[in-house]
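Have a look at the fold below, and then let's walk through it together.

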Amino acid sequence: MFLEKYVNSTYYNIILNNYNSEYLNSLDEDNFIKIYNLFKKYKFYFIDDIVLKYLEIFDMDDDDVEEKINFLHEKLGDRYIYIIGNDLRYLDEILDYDE
């Protein structure tokens, strides 16, 4: 499982316990990397936490995720990363966002 390369061993074990192995095996590493790098581009400092709690985001289209990050920036203001970092529930809007 490629996720082991991107999160620490503790998080990796939690992911293995929280997600069905069939789902984990269905994840596309190339797409995961695109989304991972997108979060890095926007300087999200808590990417491991996003992987742990919102793995489904990494299964989305990267253009959609970028659009939704920009939506959160507009909604929350320039401190949006800090705000999201203190309340990851804002990431639900990435999963639920409709244009």
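**Starting from the core**

Of the 36 residues that make up the largest nonpolar core, the ones touching the most other members are Leu3, Phe39, Phe44, Leu55, Ile57 and Phe58. A nonpolar core here is a set of buried Ala, Val, Leu, Ile, Met, Phe, Trp, Tyr and Cys residues joined through side-chain atoms within 4.5 Å. Buried means under 20% relative accessible area, exposed means over 50%, and partly exposed is in between (1.4 Å probe, protein chains only). Helices H1 (9-18), H3, H4 (47-53), H5 and H6 (80-86) each supply at least two residues of this core, and H3 gives the most, with 5 residues. Helices (H or I, at least four residues) are DSSP runs, numbered from the N terminus.

Before going on, keep in mind that this is a predicted model, in which local features need pLDDT of at least 70 and side-chain atom pairs count only at pLDDT 80 or more, while totals for chains, interfaces and linings use all residues. Residues are numbered from 1 along each chain as its sequence is written, and side-chain values use heavy atoms, with hydrogens and water left out.

Now for a pair of helices. Helix H3 (residues 29-41) packs with helix H5 (residues 62-76) at an angle of about 20°, and their axes are 10 Å apart. The axes are lines fitted to C-alpha atoms, for helices over the stretch in contact, and angles run from 0 to 180 degrees between N-to-C directions.

Who does the touching? On the H3 side, the contact is made by Asn31, Lys34, Ile35, Leu38, Phe39 and Lys41, and on the H5 side by Asp62, Val65, Glu66 and Ile69. Contact means heavy atoms within 4.5 Å. Sorted by type, the residues of this contact are 5 nonpolar, 1 polar and 4 charged. Ala, Val, Leu, Ile, Met, Phe, Trp, Tyr, Cys and Pro count as nonpolar, Asp, Glu, Lys and Arg as charged, and the others, Gly among them, as polar.

Let's zoom in on isoleucine 69, which lies in helix H5. Isoleucine 69 has a relative accessible area of 1%, so it is buried. Not counting residues up to four places away in sequence, isoleucine 69 touches Leu38, Phe39, Tyr42, Phe44, Tyr80 and Ile94. From isoleucine 69 to tyrosine 80 is 11 residues along the chain, and their C-alpha atoms are separated by 9.2 Å.

Next, hop over to phenylalanine 44, in the loop between H3 and H4. Phenylalanine 44 is buried, because its relative accessible area is 5%. Leaving aside neighbours within four places in sequence, phenylalanine 44 is in contact with Phe39, Ile50, Ile69, Tyr80, Ile81 and Ile84.

Lysine 43 lies in the loop between H3 and H4 too. Is lysine 43 buried or exposed? With 64% relative accessibility, lysine 43 counts as exposed. Lysine 43 also has a positive phi of about 65°, although it is not a glycine.

Aspartate 64 is found in helix H5 and, at 33% relative accessibility, counts as partly exposed. Leucine 16 sits in helix H1 and is partly exposed, with a relative accessible area of 38%.
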